[in-house]
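Me: I'd like to go through this structure with you piece by piece. Could you start with the terms we need before we get to any residues?

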Protein chains: 2
Amino acid sequence: MAAVDADIDRVRLLSDLAELSTIGARPDGGLDRVAWSRADLDGRRWLRERLEAAGLHTTTDAALNVFGTATSSARRRLLIGSHTDSVRAGGRLDGAYGVVAALEVLRTLAAAGDPVAGCVELVDFADEEGVRFPCGYFGSKALAGELDVGSLGPEAIQIIESAGVDIRGIAAVANRMSLAAGMLELHIEQGPRLEAHGLAVGVVEGILGFDRYRVEIEGRSDHGGTTPFGLRKDPVQAAATLIAELPTLVASIDEAGTATVGSIAGDGGAINFVPRKVAFTLEVRQPSETSLTATTRLVESRLKAVCVEHRCSATFRPEHMNVEIKDGLQVAVEPAFVPPILFDARLVEACDAACREVRVKHRRMHAGTWHDAGIIGRHVPAAMLLVPSTNGGTHHPLEDTAETDLVDGARVLLRATRHAVRALELTDY
Amino acid sequence: MAAVDADIDRVRLLSDLAELSTIGARPDGGLDRVAWSRADLDGRRWLRERLEAAGLHTTTDAALNVFGTATSSARRRLLIGSHTDSVRAGGRLDGAYGVVAALEVLRTLAAAGDPVAGCVELVDFADEEGVRFPCGYFGSKALAGELDVGSLGPEAIQIIESAGVDIRGIAAVANRMSLAAGMLELHIEQGPRLEAHGLAVGVVEGILGFDRYRVEIEGRSDHGGTTPFGLRKDPVQAAATLIAELPTLVASIDEAGTATVGSIAGDGGAINFVPRKVAFTLEVRQPSETSLTATTRLVESRLKAVCVEHRCSATFRPEHMNVEIKDGLQVAVEPAFVPPILFDARLVEACDAACREVRVKHRRMHAGTWHDAGIIGRHVPAAMLLVPSTNGGTHHPLEDTAETDLVDGARVLLRATRHAVRALELTDY
């Protein structure tokens with residue numbers, strides 16, 4: 001059983017990560033490995049070469065998803081991996097860490113002759129960040145059959161074809177999904193919670209869904225000197241009252257939830273006049289669809305009550321995340337509503353058991369950002385592991401995680417993979 | 001004593017007001033009688049003609065202030081009046097009502113042979129609205145000796161000279177102030193309180209002072225999904241908490257006060273990110289300098305506490321009201337701080353006694369906007385009377401007051417004038 005207890009090679013993990021970081025590297029330490037770009041294609045070629053150098057089999061589908069397996073036979077396997085594309089001026093860890101850790105896990109399993117190796121498939125999903133095509137998760141959606149190929153615009157088709165891909169092949173990518181038995185994804189947290197609580201690993205039970213609104217409160221533009229509070233229709237007071245209550249309202253439904261006012265604007269035209277109207281965006285996130293719906297209903301009902309109290313009226317309308325064009329690249333257009341996903345209890349327990357084996361400080365939590373495992377997890381069992389982000393930072397060149405956390409995360413992924421393969425009854429032994 | 005009991009002529013009051021409203025009239029029922037314009041000069045000529053037609057003496061000083069007296073002798077008199085200039089697209093009552101009512105009062109006193117007539121001087125102040133020169137109250141400041149003639153820019157001098165006035169005469173206007181024994185000003189409320197409480201007249205004890213700030217709260221732009229409330233530095237939450245508390249904070253010092261957030265702006269750049277910074281304006285008004293200072297100190301101290309609570313930092317800086325240019329006309333530049341004025345107790349009681357005599361529903365209150373009587377009241381005893389503004393509206397063509405209120409206001413002004421002249425011991429009998 002010595003082989004089964006084999007552990008990952010810490011030095012190889014970190015040196016591979018460092019090597020991948022040079023592809024698309026920026027002078028400021030960050031990355032430009034935007035999906036379908038030269039650097040993105042180079043990164044995926046580097047991965048295939050590393051897989052081949054380890055004697056593993058590799059394939060790339062029409063969506064540019066890269067796969068790696070220990071054996072060439074077609075069989076149902078547990079997907080482990082993430083993505084190697086980055087946002088513009090991104091960091092070296094978002095996605096890439098999960099792919100390199102999966103490479104290290106697969107190599108370790110294969111080299112040790114662990115039968116689990118044959119039940120595992122590395123995946124490097126294409127265009128997770130949504131920098132090129134709206135909504136992101138291009139590769140995982142293509143695999144999951146969620147991508148509407150017919151809706152790809154001429155610009156998307158041109159980008160895909162300029163990367164050397166036959167556009168007609170994209171639809172066939174989903175054929176491979178029948179071989180996906182589940183997915184484990186290791187990722188950086190992209191938030192401050194693990195660091196704040198001194199934890200090494202987060203075991204992800206699910207990803208928060210979100211519901212986005214544009215709130216407009218209309219009152220009356222009264223003079224600030226002649227109109228006492230009680231006779232005003234002050235939309236700023238109404239908005240402030242509601243916004244100040246948001247933490248309490250969200251926590252009354254589920255403390256795992258959040259609410260964010262991303263922008264607020266109101267202007268009476270002069271310092272001495274109440275604005276007639278105030279508008280703000282509101283994003284609510286909760287771990288279950290029930291709690292998400294209950295929270296937005298509670299907030300909307302408080303909005304109405306606050307407006308009655310302040311003699312104002314309000315509208316509460318679903319709001320897409322706006323398109324942004326930066327340096328000619330389109331940043332993700334996100335929908336107004338995405339339901340939460342609750343991960344598979346067996347795979348979450350596999351991750352938990354792995355943390356106990358490695359004896360890292362860990363806790364169960366919900367991820368606050370979306371990932372490929374969230375897409376794949378809508379169709380087959382999935383779970384995720386998170387490692388701390390230094391200062392909670394992400395999507396910028398200073399994105400970082402301590403080396404010990406990077407190593408511990410990969411060690412946990414190895415053990416979680418073994419547990420998950422058994423839990424999904426993928427092994428023959 | 002029958003003569004002393006003479007009352008104003010209701011029909012003459014309303015017809016004079018209607019006639020003055022035709023000068024600078026707009027098709028929408030409003031007025032364009034901007035200071036120093038043709039219409040403004042025509043309005044002042046109309047007033048002089050009405051005074052002369054009534055056998056009264058009239059003079060105009062270099063600031064374009066128009067005066068009217070029953071006798072030509074130089075003696076200390078109680079000023080009664082207001083201003084006939086308007087904002088652009090203003091209403092027919094702001095200022096003009098107080099001048100026409102004073103005309104009616106002086107005519108009534110003179111015709112009745114009331115010895116009070118000799119102790120009263122009608123005044124129609126120039127450029128109260130500040131549409132032409134920064135800060136407004138040009139005429140009353142010139143009389144009060146508060147106008148720094150040397151600071152008038154070339155544009156102001158050109159405007160004054162094009163109105164046919166010798167600029168060198170402006171400084172001498174203040175010489176006349178020694179003859180001003182006090183001032184009573186009747187004005188529309190420009191707010192909703194009298195109407196809301198079913199009152200006919202407000203007896204003004206003073207004018208609220210104001211203190212204006214620009215508040216900037218700086219936090220951190222965290223992702224709305226990965227960052228729970230407790231780990232955010234959310235300037236929107238900090239701002240909302242403070243703003244929602246403003247009514248309570250102000251009332252804890254003096255319920256006569258107000259606080260206004262005239263504009264607020266914060267933008268995280270995306271619906272799912274907390275803004276790094278939120279900025280808003282804050283205007284505090286209170287009836288005494290003590291309560292004004294105490295309120296701004298309390299708000300600033302709560303701002304600091306709220307920022308500690310939300311892990312943000314803040315700046316709290318005095319803010320002038322911005323200049324605005326509309327149709328080539330400059331709207332008043334107001335300072336960040338103007339201390340309140342407390343009116344003379346004897347003249348306030350004179351107004352109260354007059355209300356009791358006329359048996360109108362009235363109450364003591366503080367004016368929320370500034371007036372010429374506030375400028376003159378810094379130097380000699382003063383008080384004001386307010387009549388209701390329909391829907392609280394002012395500075396637009398729909399500005400209105402019920403005819404019965406206009407008549408009652410003038411009747412109260414007549415009696416208040418008699419009481420005030422006695423209270424100031426201006427009569428010889």
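This is a predicted model: local features need pLDDT of at least 70, side-chain atom pairs count only at pLDDT 80 or more; totals for chains, interfaces and linings use all residues.

Me: Which residues line the largest cavity?
Reply: From chain A the lining takes Val236(A), Ala239(A), Ala240(A), Ile243(A), Ile264(A) and Val278(A), and from chain B it takes Val236(B), Ala239(B), Ala240(B), Ile243(B) and Ile264(B). In terms of elements, α7 (235–253) of chain A and α7 (235–253) of chain B each supply at least two residues of that lining.

Me: And what volume does the largest cavity have?
Reply: Its volume is about 60 Å³, and the structure holds four cavities of 30 Å³ or more.

Me: Through which surface do the copies meet?
Reply: They meet through the same surface, because 100% of the interface residues of chain B are also interface residues in chain A.

Me: How many residues are in contact, and what area is buried between the chains?
Reply: On the contact side, 55 residues of chain B are in contact with 55 residues of chain A. The area buried between the two chains is about 4,200 Å², and carbon and sulfur atoms give 65% of it. In chain B, the residues that lose the most area to chain A are Thr226(B), Phe229(B) and Ile271(B), which together make up 18% of what that side buries.

Me: Changing topic to backbone angles: what is phi for Gln190(A), and is the residue buried or exposed?
Reply: Phi of Gln190(A) is near 65°, a positive value in a residue other than glycine. Gln190(A) sits in the loop between β5 (180–188) and α6 (193–196) of chain A, and it counts as buried because its relative accessibility is 6%, where buried means under 20%.

Me: What about Asn391(A), what is its phi and where is it?
Reply: Asn391(A) also is not a glycine and has a positive phi of about 60°, and its place is in the loop between β17 (382–387) and α11 (403–423) of chain A. Asn391(A) counts as exposed, with a relative accessibility of 63%.

Me: Now Ile170(A), where is it and what does it touch?
Reply: Ile170(A) is found in the loop between α5 (154–162) and β5 of chain A, and it is buried, with a relative accessible area of 1%. Leaving out residues up to four places away in sequence, Ile170(A) touches Ala62(A), Ala63(A), Phe138(A), Leu147(A), Val149(A), Ile160(A) and Val165(A). Ile170(A) and Asp61(A) are 109 residues apart in sequence, yet their C-alpha atoms are 7.9 Å apart in space.

Me: Which helix holds Ala39(A), and which residues is it in contact with?
Reply: Ala39(A) is in helix α2 (residues 38–53) of chain A and counts as buried at 13% relative accessibility. Setting aside neighbours within four places in sequence, Ala39(A) is in contact with Ile23(A), Gly24(A), Asp32(A) and Arg33(A).

Me: Last one, over in chain B: is Arg346(B) buried or partly exposed, and what does it touch?
Reply: Arg346(B) counts as partly exposed, at 44% relative accessibility, and lies in helix α9 (residues 345–358) of chain B. Not counting residues up to four places away in sequence, Arg346(B) touches Pro381(B), Ala423(B) and Leu424(B). The C-alpha atoms of Arg346(B) and Arg422(B) are separated by 9.8 Å, with the two residues 76 apart along the chain.

How values were computed. Residues are numbered from 1 along each chain as its sequence is written. Chains are lettered from A and ligands numbered from 1 in the order in which they are written. Side-chain values use heavy atoms; hydrogens and water are left out. Contact means heavy atoms within 4.5 Å. On a 1 Å grid over the protein atoms alone, a cavity is a set of points where a 1.4 Å probe fits but cannot get out, and a pocket is an open set with protein on both sides within 12 Å along at least five of seven lines; lining residues have an atom within 4 Å of a point. Grid points are joined across faces, edges and corners, and a volume is the space filled by probe spheres set on the points. Helices (H or I, at least four residues) and strands (E, at least two) are DSSP runs, numbered from the N terminus. Buried means under 20% relative accessible area, exposed over 50%, partly exposed in between (1.4 Å probe, protein chains only). Buried area is the accessible area (1.4 Å probe) that two parts lose on being put together, summed over both.
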